[in-house]
Amino acid sequence: MNTNGGAASTGTPAIPNGSGAAAILAAGMGAFALAVLAVVGDKCAQLKPILSFYRPTGPLSGVTTVAIVLWLVTWAFLELRWRSNTVAMARVNAIAFVLLVLSLLLTFPPIADLL
Amino acid sequence: MQISSHGLWAMIHGLGFGGLYLLAFSGALLELYRFTTPADAYPGSPGRARFLKVYLILMAVLAWLAVLTGAYIVYPWYRAAAPPGTIDLSLYPQRLLMASPITIGWHSLGMEWKEHVAWLAPISITMVAFVFIRYGSDLRNHRQLRRAVLGFAWVAFLAAGVAGFLGAMIDKQAPVKGGRTIQLSSGGER
């Protein structure tokens, strides 16, 4: 981690954007994975018992655990690949925000019920 | 004055972790804006940056504690199945809500939305904390990173706000009860 907390801005990035891009894209993908798994867990009766990792909590336990694992694995993978690089941040942002908005929409039951 | 252990956990989950997380948000958003705008507008000091890093880490911890206590401690009591023939459903909040057409929406829309949307908050705020710790005030030089951090921070607030509001409303309709009775005080008549 850097220690440039209060350093004055020079206008020139001191750290490549790859690490931040990895975290942002992974967060978008993790959120989307959670929303998709929530819909699948709700619609697919066969998957409900499989996703019930902790019986008292039911399928929510599997939905969230799998989504978090996917998020962290994706983050670690992207971090390893991008941390020293400068990536096309506008495209990463666009993808991350689309995934985030889709995940917000998919977690809203009336929209999920349309699928 | 007494409270049930289940009710106490619901308070710790909602008012404690969730409420503190939401209260912390205005400060976090303000400081994030100030720290990531051009340096001439707000020359942040290393001490303030360190403070914001710790603040964001604590917010992420609160968000995770809120969803984990919600999903693994309070939610099982909420969704507990009532034994066949149970007439008094007050110990089974989900069944109580579903028993009436007036309240069923609090479960089918409210809880179904809350139980999933809430998880977007810890994922988002963890990312925000990580990026701020990694970049600090260098975020001023990364316009796109800054946009994403602020955008995800707003979503982390929105998701927690929706979950918090629905949790409070559901708890008004069908509070989680049961467990051990905890005596808070034995106050007599004044």
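**Figure 1. Val101(A) is partly exposed, having 15 other C-beta atoms within 10 Å.** A residue counts as buried if 20 or more other C-beta atoms lie within 10 Å of its own, as exposed if 12 or fewer do, and as partly exposed in between, with C-beta atoms placed from the backbone. Val101(A) belongs to helix α4 of chain A, which covers residues 89–106. From Val101(A) to Lys48(A), 53 residues away in sequence, the C-alpha to C-alpha distance is 25 Å. The model is predicted: local features need pLDDT of at least 70 and side-chain atom pairs count only at pLDDT 80 or more, whereas totals for chains, interfaces and linings use all residues. Residues are numbered from 1 along each chain as its sequence is written, and chains are lettered from A and ligands numbered from 1 in the order in which they are written.

**Figure 2. Chain A contains five helices and zero strands.** Its elements follow the order α-α-α-α-α along the sequence. Helices (H or I, at least four residues) and strands (E, at least two) are DSSP runs, numbered from the N terminus. Chain A is more spread out than a compact globule, because its radius of gyration of 18 Å is well over the 13 Å that the globule rule gives for 115 residues. That radius is taken over C-alpha atoms, and the rule is 2.2 Å times the number of residues to the power 0.38. The C-alpha trace of chain A spans about 55 × 30 × 25 Å along its principal axes. Of the 115 residues in chain A, 39% are buried. Two residues are in contact if their C-beta atoms, placed from the backbone, lie within 7 Å. Of the contacts in chain A between residues at least 6 apart in sequence, 76% join residues at least 24 apart.

Figure 3. The pLDDT is the predictor's confidence in each residue, from 0 to 100. Where pLDDT is low, the predicted coordinates should not be read in detail. Chain A as a whole averages a pLDDT of 91, and 91% of its residues score at least 70.

**Figure 4. The contact between the chains takes 44 residues from chain A and 44 residues from chain B.** On the side of chain B that touches chain A, two or more residues come from each of α2 (46–78), α4 (104–117), α5 (120–135) and α6 (143–173) of chain B. The largest share of this side, nine residues, is given by α5(B). By class, the side of chain B that touches chain A holds 24 nonpolar, eleven polar and nine charged residues. Here Ala, Val, Leu, Ile, Met, Phe, Trp, Tyr, Cys and Pro count as nonpolar, Asp, Glu, Lys and Arg as charged, and the others, Gly among them, as polar. The predictor assigns the complex an ipTM of 0.90 and a pTM of 0.91.

**Figure 5. Ala121(B) is located in helix α5 of chain B.** Ala121(B) is buried, since 31 other C-beta atoms lie within 10 Å. Apart from neighbours within four places in sequence, Ala121(B) is in contact with Ala63(B), Ala156(B), Ala159(B) and Ala160(B). The C-alpha atom of Ala121(B) is separated by 8.4 Å from that of Ala153(B), 32 residues apart along the chain. Among the elements of chain B, α5(B) has the highest mean pLDDT (97), and strand β2 (residues 181–183) the lowest (88).

Figure 6. Helix α1 (residues 5–36) of chain B has 32 residues and reaches 44 Å from its first C-alpha to its last, close to the expected 46 Å. The expected span of a helix is 1.5 Å times one less than its number of residues. The 33 residues of α2(B) should span 48 Å at 1.5 Å a residue, which agrees with the 46 Å between its end C-alpha atoms.

**Figure 7. Chain B comprises six helices and two strands.** From the N terminus on, the elements of chain B run β-α-α-α-α-α-α-β. The radius of gyration of chain B is 20 Å, whereas a compact globule of 190 residues would have one near 16 Å. Buried residues account for 45% of the 190 residues in chain B.
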